[in-house]
Amino acid sequence: MHSTLHRRPNIVKLNKKIIEYGKRGQIEEAIRVFREITHPNTFTYNSMISSYAKNGRLKHARLLFDNMPNRNLVSWNTLLNGYIYNDRIECARELFERMPLRDHFTYALMITCYSRYGAIDKAMDIFYRLPDATNVACWNAMITGFVKNGRLSEAKKLFDRMPIRNLVSWNSMLLGYTHNGEMEMGLKFFNEMGEKDVVSWNLMVGGFVEVGDLDSAREFFEKIPCPNAVSWVTMLSGYAHYGYISDARRVFEKMTEKNLVAWNAMLAAYVQNGHIDDACIFFNEMPERNAVSYTTMINGFVRIGKLDTANRLLDTMPCKNVCAQTAMISGYIQHNMIDEGRKIFDQMSSRDIACWNTMLAGYTQCGMMEEAFHLFQKMDQKSVVIWNTMIAGYAQVGKIEKALEMLENMKERNVVSWNSLISGCTRNGLYVDALKLFVSMEHDGKKPDQSTFSSVLSSCANLSLEYLGRQFHQAIMRSGFAKYVSISNALITMYAKCGHIFNAKKVFHDLDYADVVSWNSLIAGYALNGYGKEAVKLFQDMESKGMNPDEVTFVGLLSACNHAGLIDFGVHLFDSMSKKYSIEPVTEHFSCMIHMLGRAGRLKEAFQLVRKMRVKISPGIWASILWACQMHNNFELASFSFKKLNKIEPHKASNLVSVANMYAEIGSWIEAEHVRSTMIDNRGEKQPGCSWFEEKTKLIVFLAHDDSSAQKMEIRNALKSLTSQMTDTACLHLG
């Protein structure tokens, strides 16, 4: 009896140690404690399963689960939660279906799991399977799912249908309004709440902070009946986010009880705003530090490029932490020191999903897809995030087929998976493929988001598919994404490239807030459609509204001046870039200027500008000079330009054609024939020419030398008929 009583407190203490080590990322210590327990109970096993899961060791968690002498419902829920925590949706679903017993926590976990990755329909399927339809926790989980996916109207409908509501229900719905920036509706809802707690007040403060209304945030903060640490930290972090460090420090000083969370929040405020010296002083003043403190400082040193200092701080940590080590790896990757990052990665005793993804993302960002794939294959558990990183990596380097293969091999896809591939096709000029993938995505049951719409609108713009672009516009209006400025910017570009500049102008003027990209999109649209004076007028409006132009603004403006023949104003704009706006011209600006001056016959000025260029002279610059020389019959300068161009792009067909035509124009037939023969000898393999047009709702594509068209005979006969008619008409005129 005495020995049993003596052992019980001991095992409770050891179980707590396992949990604590697991939370800190010290998985080896947790394993050591677990092995010390001679007679582990079910709680011991559950604690160890949880520790394994939190540190990304799902294979060990599952093995321990399978070998448990006795399992209870908590054991099943712990492993289920581990799969969800590590983004293993398919494993979570399989385990859920196998469970001999479920409680409301089980159902809430699965609803949260699907909601987190945008699979709302699947979350609803679980919700409808509830054995107890009145369980408020599951209703709350479903409302939160709708809220976090931006589907507020559906969340409100579900909220109104709830058989029983508690304070969490009200706060979940309030979170929807504050999380999505709907503060007017949030304020109305808050005032209607019969009961409020400090969470309700904190949500309002956080919501106002999120939309940048710090005055309202402070007003609400000062009215909180009993503010807690979260209240203070929310206000402190709000000031810090917008760069008001002195206000943040004042809030910190006013706190009656400063816990470690508050100290870490203030430390993060200094680091986020680049006050590293103040952060160092503050770090040394801290009464205690944890892994978050060290990780914040390591991130701070990484941001200013002091990698050696960051690494030394990592070495002085009392206990190595996965988050701190991951921050160091990320720092090395940001500074293209991927081998150093890999060394730390290889030395780590335990790695979580974020660590794996950081290392993998490092390889993909550098285009090292072979190394990325080797690392990918080593992973025991591959989350959706990991798969998406690989898809995005292959798409980034133009390996669309490999990216598609990855997508097809995924057991569980989300909207990010599809977006990575669709945007990859768009960036690589595979616009038709991007639109086809959009259709496949909808067949897969995934609803498009703002990123999806931005990509497909870009594809429509580049294909001049105005009819399809309008359909997307209508879908955007129905789905509620029209308020996103990125979507409006994509619509402006789409309408402009399809020749509907007035529709582009309407979208622009309907914007509640136009950012610099919005202004640039419409300026470029005006330039593209030949409205040079309108582009200049818009630029003047942009300045009057206090919006600062950037490099892209001047590319659009110079292009507009070129098309409209506003040569002198274009020269003035180019000169003002560095003098007035402190923007150094890049290749695109020089190219616009040279093309503009060359078109106007001011070849000497264009050539002088080339000689003054501090940036690397691209082939396009010499090609512009060559084109202008051909237009204005300046053979001497053309010959010089061709020699320069031929060194960079030997035997390029378009350059050779220009020179051959110039030789022909001055009667140098032997030289012209020599250039043409060079072009024929060196043309090699080339992509066939491609044209397309939109007929009603279809995109008709033609490839050069493609005889596969079903209507090829009709097309040829029509061409013969048109040729015959043109010949007859010409003969009549000549006669």
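Let's start at Tyr244, which sits in the loop between helix H15 (229-241) and helix H16 (245-254). Keep in mind that this is a predicted model.

- Is Tyr244 buried, exposed or partly exposed? With a relative accessible area of 43%, Tyr244 counts as partly exposed, because that label covers values between 20% and 50%.
- Setting aside its neighbours within four places in sequence, Tyr244 is in contact with Leu214 and Tyr239.
- Tyr244 and Ala269 are 25 residues apart in sequence, and their C-alpha atoms are 9.1 Å apart in space.

**Helix H32, inside and out**

- Take a look at helix H32 (residues 501-509): Ile501, Ala504, Val507 and Phe508 are buried there.
- Why do these buried residues line one face of H32? Seen down the helix axis, they fall within an arc of 115°, so they end up along one face.
- Here's a handy rule to go with that: an α-helix has 3.6 residues a turn, so residues three or four places apart point the same way.
- Over on the other side of H32, you'll find Phe502, Lys506 and His509, which are exposed.
- What do the buried residues of H32 pack against? Their partners are helix H30 (466-479), helix H31 (485-497), helix H33 (516-528) and helix H34 (532-544).

**Helices H21 and H22**

- The axes of helix H21 (residues 322-334) and helix H22 (residues 338-347) come within 7 Å and cross at roughly 165°.
- That angle makes H21 roughly antiparallel to H22, because anything over 145 degrees gets that label.
- H21 passes H22 in a left-handed crossing.
- On the H21 side, the contact is made by Gln325, Met328, Ile329, Tyr332 and Ile333, and on the H22 side by Ile338, Glu340, Gly341, Ile344 and Phe345.
- Sorted by type, the residues in this contact of H21 with H22 come out as 7 nonpolar, 2 polar and 1 charged.

**Helices H2 and H3**

- Helix H2 (residues 27-36) packs with helix H3 (residues 42-54) at an angle of about 165°, and their axes are 10 Å apart.
- So H2 is roughly antiparallel to H3.
- The crossing of H2 past H3 is left-handed.
- Which residues meet here? Ile27, Ala30, Ile31 and Phe34 in H2 meet Thr44, Tyr45, Met48, Ser51 and Tyr52 in H3.
- The residues of this contact of H2 with H3 split into 7 nonpolar and 2 polar, with no charged ones.

Conventions: Residues are numbered from 1 along each chain as its sequence is written. This is a predicted model: local features need pLDDT of at least 70, side-chain atom pairs count only at pLDDT 80 or more; totals for chains, interfaces and linings use all residues. Side-chain values use heavy atoms; hydrogens and water are left out. Axes are lines fitted to C-alpha atoms, for helices over the stretch in contact, and angles run from 0 to 180 degrees between N-to-C directions. Helices (H or I, at least four residues) and strands (E, at least two) are DSSP runs, numbered from the N terminus. Angles under 35 degrees count as roughly parallel, over 145 as roughly antiparallel, 65 to 115 as roughly perpendicular and the rest as oblique. A crossing is left-handed if the near helix is turned anticlockwise from the far one by less than a right angle, and right-handed if clockwise. Contact means heavy atoms within 4.5 Å. Ala, Val, Leu, Ile, Met, Phe, Trp, Tyr, Cys and Pro count as nonpolar, Asp, Glu, Lys and Arg as charged, and the others, Gly among them, as polar. Buried means under 20% relative accessible area, exposed over 50%, partly exposed in between (1.4 Å probe, protein chains only). The arc is that of the directions from the helix axis to the C-beta atoms.
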